[in-house]
Amino acid sequence: MSIQKKSILLFLAAENFCEQEFLTVKNIFLRKGFNLFISSDANSLCVGGNGMKVKPDVNIYNINKNNFGAFVIIGGKGIINYWDNQILKSSVLEFNKNNKIVASICAAGVIIAKSGILNQKEGVVYPDYKKEFDRNGVIYKDQDVVVEGKIITAKNPASS
């Protein structure tokens, strides 16, 4: 497997990312031998909902999508501020266009929905945000995880 396919880019909100989602995903990927890189628009550190601090490896504005095999957006209360972020939506589109995995957890699924790649496809998001899926043509499935080709959506922190 190429280095690029073994490299995963995680996006964290600058503030109030979900620490449980981040740590679960991070630990699973590292155990499986993947290389993880953290991206954000934070100027220095990302701060989780319970105060955990994480230093991003790369600013979201400077990522080279060719270096990664997958893009995972971590949820949390802070991700709501990124629902309309054009850089994130274009990153989702670029990864998808290049047949790479795009994944989201919890409220982050709205970013994928708003990118348009889930239009008339199935996905899941934290139930409070189901209306955002409806508005963006996503067929909501009440499941823990929905896999639609190379698009993976997870419902909540426990689904990480």
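How far apart should the ends of helix α2 (residues 86–97) be at 1.5 Å a residue? The 12 residues of α2 should span 16 Å, and the end C-alpha atoms are 16 Å apart, which agrees. Keep in mind that this is a predicted model.

**Whole chain**

Show everything as a cartoon. The secondary structure comes to 4 helices and 12 strands. The C-alpha trace spans about 35 × 35 × 30 Å along its principal axes. For 160 residues, a compact globule would have a radius of gyration near 15 Å; the chain has 14 Å, which agrees.

Now colour by accessibility. Buried residues make up 47% of the 160 residues. Switch to the surface: the chain exposes about 7,900 Å², and carbon and sulfur atoms supply 47% of that area. Then turn to contacts between residues at least 6 apart in sequence. Of these, 63% join residues at least 24 apart.

**Select 86–97: helix α2**

Show side chains. L88, K89, S91, V92 and F95 are the buried residues of α2. They cover an arc of only 160° around the axis, which puts them on the same side of α2. An α-helix has 3.6 residues a turn, so residues three or four places apart point the same way.

What covers the buried side? The cover includes β1 (7–11), β7 (70–73), β8 (101–105) and α3 (109–115).

Zoom in on S91, which lies in α2. At 1% relative accessibility, S91 counts as buried. Beyond its neighbours within four places in sequence, S91 is in contact with I60, I63, K65 and F71.

Next, look at the two ends. At the start of α2, a side-chain oxygen of N85 reaches to within 2.9 Å of the backbone nitrogen of I87. Just after α2, N99 takes a positive phi of about 60°.

**Select N66 and E94**

N66 sits in the loop between β6 (58–59) and β7. With 54% relative accessibility, N66 counts as exposed. Draw a C-alpha to C-alpha distance from N66 to E94: 9.5 Å in space, for residues 28 apart in sequence.

**Select 19–31: helix α1**

Helix α1 has 13 residues. From first C-alpha to last, α1 reaches 18 Å, close to the 18 Å expected at 1.5 Å a residue. Which residues of α1 are buried? They are E19, E21, F22 and V25. These cover an arc of only 160° around the axis, which puts them on the same side of α1.

The buried residues of α1 pack against β1, β2 (15–17), β3 (35–40), β4 (46–48), β5 (53–54) and β8. Then step past the end of the helix: α1 is followed by G33, whose phi is positive, near 90°.

**Select K6**

K6 is in the segment before β1. Follow its side chain to two backbone oxygens. One belongs to K32, reached at 3.4 Å. The other belongs to G33, reached at 3.5 Å.

**Select C106 and Q120**

Both have positive phi without being glycine. For C106, phi is near 60°. For Q120, phi is about 65°. C106 is in the loop between β8 and α3, and Q120 is in the loop between α3 and β9 (122–123).

Buried or exposed: which is C106? At 9% relative accessibility, C106 counts as buried. Q120, at 58%, counts as exposed.

**Last stop: E132**

E132 is in helix α4 (residues 130–135). Its relative accessible area is 14%. Buried means under 20%, so E132 counts as buried. Show what surrounds it: leaving out residues up to four places away in sequence, E132 touches W83, V110 and K114.

Key. Residues numbered from 1 in each chain as written. Predicted model: local features only at pLDDT ≥ 70, side-chain atom pairs only at ≥ 80, totals over all residues. Heavy atoms only, no water. Helix = DSSP H or I, 4+ residues; strand = E, 2+ residues; numbered from the N terminus. Expected span 1.5 Å × (residues − 1). Buried < 20%, exposed > 50% of the residue type's maximum accessible area, 1.4 Å probe, protein only. Arc of directions from axis to C-beta. Contact = heavy atoms within 4.5 Å. Polar contact = N/O pair within 3.5 Å; in protein donor to acceptor, adjacent residues only side chain to side chain. Rg over C-alpha atoms; globule rule 2.2 N^0.38 Å. Areas by Shrake-Rupley, 256 points an atom, 1.4 Å probe, with all protein chains shown as cover.
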